[in-house]
Amino acid sequence: MYVCLCKGVTDKTIRRAVDDGLSSMRELRQQYGVGTQCGCCTQCAKSIVKDAVAERNARLKSETLLPIEVCYA
């Protein structure tokens with residue numbers, strides 16, 4: 001769905017940006033211009049960024065970075 005009609009930014013674009021490292025509304029505004037025209041999208045965009053960051057953090061937390069099993073041969 002379109003979140004920012006003025007700049008043509010969708011929720012998928014925002015989620016993809018978060019997966020690529022974006023983590024705040026400020027970064028979203030700087031990179032895509034979301035909320036810089038009429039401002040009607042700001043609350044929705046903030047909500048999507050917040051949810052996407054939480055999902056990303058939970059996914060990264062669940063991925064183990066170190067091996068769980070150690071083989072002593």
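Among contacts in the chain (heavy atoms within 4.5 Å) between residues at least 6 apart in sequence, 58% join residues at least 24 apart. The model is a predicted one, in which local features need pLDDT of at least 70 and side-chain atom pairs count only at pLDDT 80 or more, while totals for chains, interfaces and linings use all residues. Residues are numbered from 1 along each chain as its sequence is written, and side-chain values use heavy atoms, with hydrogens and water left out.

The chain has three helices and two strands, taken as DSSP runs numbered from the N terminus (H or I and at least four residues for helices, E and at least two for strands). Along the sequence these elements follow the pattern β-β-α-α-α. Of the 73 residues in the chain, 30% are buried, where buried stands for under 20% relative accessible area, exposed for over 50% and partly exposed for values in between, with a 1.4 Å probe and protein chains only. The accessible surface of the chain comes to about 5500 Å², and 52% of this surface belongs to carbon and sulfur atoms; such areas come from the Shrake-Rupley method with a 1.4 Å probe, and for residues only the protein chains shown count as cover.

In soluble globular proteins, nonpolar side chains tend to be buried together. With its neighbours within four places in sequence left aside, Leu28 is in contact with Ile14, Leu22, Gly33, Val34, Ala45 and Val49.

Thr42, Ala45, Ile48, Val49, Ala52, Val53 and Arg56 are the buried residues of helix 3. Seen down the axis, the buried residues of helix 3 fall within an arc of 130° and therefore line one face of the helix, the arc being that of the directions from the helix axis to the C-beta atoms. Gln43, Lys50, Lys61 and Ser62, on the other side of helix 3, are exposed. The cover over the buried residues of helix 3 includes strand 1 (2–4), helix 1 (11–19) and helix 2 (25–32).

Thr42, which is found in helix 3, counts as buried because its relative accessibility is 17%. Not counting residues up to four places away in sequence, Thr42 touches Met25 and Gly35; the C-alpha atoms of Thr42 and Met25, 17 residues apart along the chain, are separated by 8.5 Å. A polar atom of the Thr42 side chain lies 3.0 Å from the backbone oxygen of Gly39.

In helix 1, the buried residues are Asp11, Thr13, Ile14, Ala17 and Val18. These residues cover an arc of only 160° around the axis, which puts them on the same side of helix 1. The buried residues of helix 1 pack against strand 1, strand 2, helix 2 and helix 3. The side chains of Thr10 and Thr13 are joined by a polar contact of 2.9 Å, a term that denotes a pair of N or O atoms within 3.5 Å; within protein, one must be able to donate a hydrogen and the other to accept it, and residues adjacent in sequence count only if both atoms are side-chain atoms. Thr10 has its place in strand 2 (residues 9–10) and, at 19% relative accessibility, counts as buried. Leaving aside neighbours within four places in sequence, Thr10 is in contact with Met1, Tyr2 and Val3.

Just after helix 1, Gly21 takes a positive phi of about 120°, and this residue lies in the loop between helix 1 and helix 2. Gly21 counts as partly exposed because its relative accessibility is 47%. Apart from neighbours within four places in sequence, Gly21 is in contact with Glu27 and Arg56; the C-alpha atoms of Gly21 and Arg56, 35 residues apart along the chain, are separated by 9.4 Å.
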